[in-house]
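Visitor: Could you show me how to read helix packing and sheet layout in a model like this one?
Guide: Gladly, let's take them one at a time.

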Amino acid sequence: MNNRHALVCGSSKGIGASTAIELSKLGVSVTLLARDADSLSNVLDKLSTCNSQTHNIIIADFDDPIALKNKINNHINSNPPIHILINNSGGPKPGPIINANEEDFIAAFNRHLICNHILVQALVPNMKEANFGRIINITSTSVKQPIKGLGISNTIRGAVANWAKTLSFELGEFGITVNNILPGYTDTQRLQEIFLNKSKKSNFDIESIVSDAHSQIPLGRFADPKETAKAICFLASEDASYINGINLPVDGGRLSTL
């Protein structure tokens, strides 16, 4: 994957950071994007330069779509074209859907769909010119099977999946593929926060909640973020050139749907 340039969003930690590191090992030049400058600098130090790549950072917040749009436009005007876009952001506020307010829905929609769309519109022209592009959205298994207690996420993730499928119809002729990765339980800070919230609202301790979650997964464990990153790297590669418009679960077999 030499001579490719990737923009990895939400790359200050978790799956995003692991994806950036794995892409760099394959010779990709990586631009990290997140809101925490210190965390991004730590990840930047871990990126491989095996292909004499140059890596960059964009500090932006997906809760501010207008600022994101300005920053990405400024970046592409003064840097090499981006061929691979990894859309990724922290999950929406958890809780039953009946308790969700309008502001929470709007914030999640802006963060997960509008910001994705802003980045796609900014980067696709250069992808078309190169006749190569990879747009990979890190969403959730709730695209296929809603998750109890994540009402807003279930709603917004479904919208993102349909947006991505529509894009795959429109961009395929230009050598651009659009696919979604659906992580299951992955050992990240986000998962720890979900379990902690669940523990506070129930009479169960964290250990019991983790044990119950393990029991739902045929492989009996959570994913390492690196395992999800490996799947993302495959979809970003030339080897995946005929895979377009799919939702790929990386969940250890947890989903009961096909």
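Predicted model: local features only at pLDDT ≥ 70, side-chain atom pairs only at ≥ 80, totals over all residues.

Visitor: What describes two packed helices?
Guide: The general idea is that the angle between their axes and the distance between those axes describe such a pair. Here, helix H4 (residues 102-130) and helix H5 (residues 151-171) pack with their axes 9 Å apart, at an angle of about 20°. That angle makes H4 roughly parallel to H5, and the crossing of the two is right-handed.

Visitor: Which residues in H4 and H5 meet?
Guide: Among them are Phe105, Phe109 and Leu113 in H4, and Ile156, Val160 and Trp163 in H5. The residues of this contact divide into 13 nonpolar, four polar and three charged.

Visitor: Now the sheet: how do strands pair?
Guide: Strands pair through backbone hydrogen bonds, in either a parallel or an antiparallel way. In this model, seven strands make an open sheet with parallel pairing, in the order S3-S2-S1-S4-S5-S6-S7. Strand S3 (56-59) and strand S7 (247-250) each have a single partner strand, so one side of each lacks a neighbour in the sheet. On average, neighbouring strands are turned by 20° against each other, direction ignored.

Visitor: How many bridges join S4 to S5?
Guide: Four bridges link strand S4 (residues 84-87) with strand S5 (residues 133-138). Asn87 stands opposite Asn137 in S5.

Visitor: Which strands does helix H1 touch?
Guide: Helix H1 (residues 14-25) packs on the sheet and touches S1, S2, S4, S5 and S6. The direction of H1 makes about 165° with that of S1.

Key:
Residues numbered from 1 in each chain as written. Heavy atoms only, no water. Axes fitted to C-alpha atoms, helices over the stretch in contact; angles between N-to-C directions. Parallel < 35°, antiparallel > 145°, perpendicular 65-115°, else oblique. Left-handed = near helix turned anticlockwise from the far one by under 90°. Contact = heavy atoms within 4.5 Å. Nonpolar A, V, L, I, M, F, W, Y, C, P; charged D, E, K, R; others polar. Pairing = 2+ DSSP bridges.
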